[in-house]
Amino acid sequence: PGMSEEESAAASAQREEEIEATMDQLSSYEKKVELMMGRVEKEKTNVEKEVENLRSLQQTIDKDPLLRLSNFSNQPLPKQALLAASLLAFIRGGGDALSIVTSGDPGTYATPAVAQLGFSLAAMSAYLFL
């Protein structure tokens, strides 16, 4: 109403140009999203590989006795108790073994030394292999 045919055609052409520009922008954004999704997938794959590497490393740490000793604070409490008991019994057994040599009375110290060193060996074995 009130527009001439030329004005109507010009308005229609302008709308078509706007729609085409919007479609171009949409296409551009779709390409950017595809690129981002590709990057996300690539990073997701990298993260999954690293998680698997960390799990493998954790299994290695869990299996290696020396690494378990160095990772003492992260061990469960029963494991910590076994190691502490083993070291305590070893030190006491060593002290009793030294007393055998220095006192000249092996009968008094031999049984406790052997018992404590045996207990130390059993506790260390349990710590390392359980």
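I19 has a relative accessibility of 52% and therefore counts as exposed, where exposed means over 50% relative accessible area, buried under 20%, and partly exposed in between, with a 1.4 Å probe and protein chains only. The model is predicted, so local features need pLDDT of at least 70 and side-chain atom pairs count only at pLDDT 80 or more, while totals for chains, interfaces and linings use all residues. Residues are numbered from 1 along each chain as its sequence is written, and side-chain values use heavy atoms, with hydrogens and water left out.

**Surface patches**

- Patches are made of residues with over 30% relative accessible area and no salt bridge, nonpolar side chains (Val, Leu, Ile, Met, Phe, Trp, Tyr) being joined within 5 Å and like charges within 9 Å; accessible areas come from the Shrake-Rupley method with a 1.4 Å probe, and for residues only the protein chains shown count as cover.
- A patch of negative charge on the surface gathers E16, E17, E18, E20 and D24, with Asp and Glu counted as negative, Lys and Arg as positive, and His and the chain ends not counted; the place of a charge is taken as CG of Asp, CD of Glu, NZ of Lys or CZ of Arg.
- E20 belongs to helix α1 (residues 5–63), helices being DSSP runs (H or I, at least four residues) numbered from the N terminus, and its relative accessible area of 53% makes E20 exposed.

**Salt bridge**

- One salt bridge is found in a search of the whole structure, the term being a side-chain nitrogen of Lys or Arg within 4 Å of a carboxyl oxygen of Asp or Glu.
- E52 forms a salt bridge with R55, and the closest N and O atoms are 4.0 Å apart.
- Because E52 and R55 are three residues apart in helix α1, they are separated by about one helical turn.
- E52 is partly exposed at a relative accessible area of 47%, whereas R55 counts as exposed at 54% relative accessibility.

- L98, in helix α3 (residues 77–103), counts as exposed at 53% relative accessibility.
- Between L98 and L35 there are 63 residues in sequence and 73 Å in space, taken C-alpha to C-alpha.
- S120, in helix α4 (residues 106–129), is buried with a relative accessible area of 5%.
- Apart from its neighbours within four places in sequence, S120 is in contact with S86, A89 and F90, contact meaning heavy atoms within 4.5 Å.

Definitions and conventions
Helix = DSSP H or I, 4+ residues; strand = E, 2+ residues; numbered from the N terminus.
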